[in-house]
Amino acid sequence: MAGHAFVSYVSEDSPTVNRLVAAVRQSGVEVWLDRDSIRPGARWRSSIRSAIEQGAFFLACFSSHCAERSKSYMNEELVLAIDELRKYPADRAWFIPLKLSAHDIPDRTIGGGETLRDLQWLDLSADWDNGVSTLVGLLSGIRKPPPQSGNPVVMDTSRPFGERVGQLARAWEKSGRGADWLVNGKVFFALYCWFLTPLDRHRGAKRRSDLQDAVVAEYVAWCYAAIGGDSGWDAWLRERTLCSCHRESWSMENLRICTGCLRYRCIDHLGRCGSDCDGEIVG
């Protein structure tokens, strides 16, 4: 099974939905979210209809905020989703009601004498971690393996980091901007930190991103979008790992990384890596 999970929600629930989307995307599932999936200039109603019809799952986020709204775009999405639901066999779980707060699922008819309350819902308000784990398991059939082809190029530490990135960005452009050339995980952390690090911290020079050519800048932007954009980056920064300095566990937002050996360093470590590596510490 391929495709994406469409997420329907009201704007008041954006903080909770952002957290949910970040967790689902980190599992490798593609999520369709209105604010980052509709391209500028596109007809948004048509985009939403197509995304619902083509989606492998429809995730409806119900809450007290949702119940308090007399009008919402979510209601329009529910109408379209229920029409789509009727096309599926009864044993196919496609419409997944999610409870973000202790509030009843709306008693909206779905045909055949049934309502949305006849669909088994997932109560995230009662146990968030277990609920998200259950949801990710349900969506596992559309999980995509993270792109890996770009990582080995950056991990070839025999050449300067900037040279590796330039080669990778141009290979990505030549391939037609294929997802297989994007990077993730530790390699993306190194790439993004390097991209944003000032060339001269002490003199306040421009960030490296201000001096890169358009292909490299676009490549970094595509990698950023592939990990989930702002929500994916925020989730990554909350992850924990060991620094190579003292072998202590830190959250990623408190770590730096060496562009030479790709080892994590403590946040107070600046300049060059060490006697065995002349790589730059970024982050």
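Which residues form one aromatic cluster? The cluster consists of Phe 188, Phe 189, Tyr 192, Tyr 224, Trp 233, Trp 236 and Tyr 264. The structure is a predicted model, in which local features need pLDDT of at least 70 and side-chain atom pairs count only at pLDDT 80 or more, while totals for chains, interfaces and linings use all residues. Residues are numbered from 1 along each chain as its sequence is written, and side-chain values use heavy atoms, with hydrogens and water left out.

The protein contains twelve helices and 13 strands; these are DSSP runs numbered from the N terminus, with helices (H or I) of at least four residues and strands (E) of at least two. Of its 283 residues, 44% count as buried, where buried means under 20% relative accessible area, exposed means over 50%, and partly exposed lies in between (1.4 Å probe, protein chains only). Contact is defined as heavy atoms within 4.5 Å. Among the contacts with a separation of 6 or more, 59% are between residues 24 or more positions apart.

Aromatic pairs were searched for across the whole structure, and 17 were found. A pair of aromatic rings is described by the distance of the centres and the angle of the planes. Rings of Phe, Tyr and Trp (its six-membered ring) pair if their centres lie within 6.5 Å; planes under 30 degrees apart count as stacked, over 60 as edge-to-face and the rest as tilted. Phe 6 and Phe 58 form a stacked pair, with 5.4 Å between centres and 10° between the planes. Phe 6 belongs to strand S1 (residues 5–8) and Phe 58 to strand S3 (residues 57–62), so this pair ties together parts that are 52 residues apart in sequence. Both of these residues, Phe 6 and Phe 58, are buried. A tilted pair is formed by Phe 188 and Tyr 224, at 6.4 Å centre to centre and 45° between the planes. Since Phe 188 lies in helix H9 (residues 185–196) and Tyr 224 in helix H11, the pair ties together parts that are 36 residues apart in sequence. Phe 188 counts as buried because its relative accessibility is 2%; Tyr 224, with a relative accessible area of 16%, is also buried. A ring is involved in another kind of arrangement at Phe 57, where Arg 92 lies over the face at 5.1 Å from the ring centre. A charge sits over a ring if NZ of Lys or CZ of Arg is within 6 Å of the ring centre and within 35 degrees of the ring normal.

Helix packing was examined next. Axes are lines fitted to C-alpha atoms, for helices over the stretch in contact, and angles run from 0 to 180 degrees between N-to-C directions. Angles under 35 degrees count as roughly parallel, over 145 as roughly antiparallel, 65 to 115 as roughly perpendicular and the rest as oblique. H9 packs with helix H12 (residues 229–238) at an angle of about 105°, the axes being 12 Å apart, and the two helices are therefore roughly perpendicular to each other. Gly 185, Lys 186, Phe 188, Phe 189 and Tyr 192 of H9 make this contact with Trp 233, Trp 236 and Leu 237 of H12. H12 is mostly covered, as seven of its ten residues are buried: Gly 229, Ser 231, Gly 232, Trp 233, Ala 235, Trp 236 and Leu 237. These buried residues pack against helix H1 (14–26), H9, H11, strand S9 (249–251) and strand S11 (264–266).

The axes of helix H8 (residues 161–174) and helix H11 (residues 214–226) come within 9 Å and cross at roughly 80°; H8 and H11 are therefore roughly perpendicular to each other. Within H8 lies Gln 167, which is partly exposed with a relative accessible area of 40%. Apart from neighbours within four places in sequence, Gln 167 is in contact with Val 153 and Arg 159.

Two further buried residues complete the description. Glu 84, in helix H5 (residues 73–85), counts as buried at 9% relative accessibility. Not counting residues up to four places away in sequence, Glu 84 touches Ile 52, Glu 53 and Trp 94. Leu 262 is located in the loop between strand S10 (255–258) and S11, and is buried with a relative accessible area of 6%. Most residues other than glycine have a negative phi. The phi of Leu 262, by contrast, is positive, near 60°.
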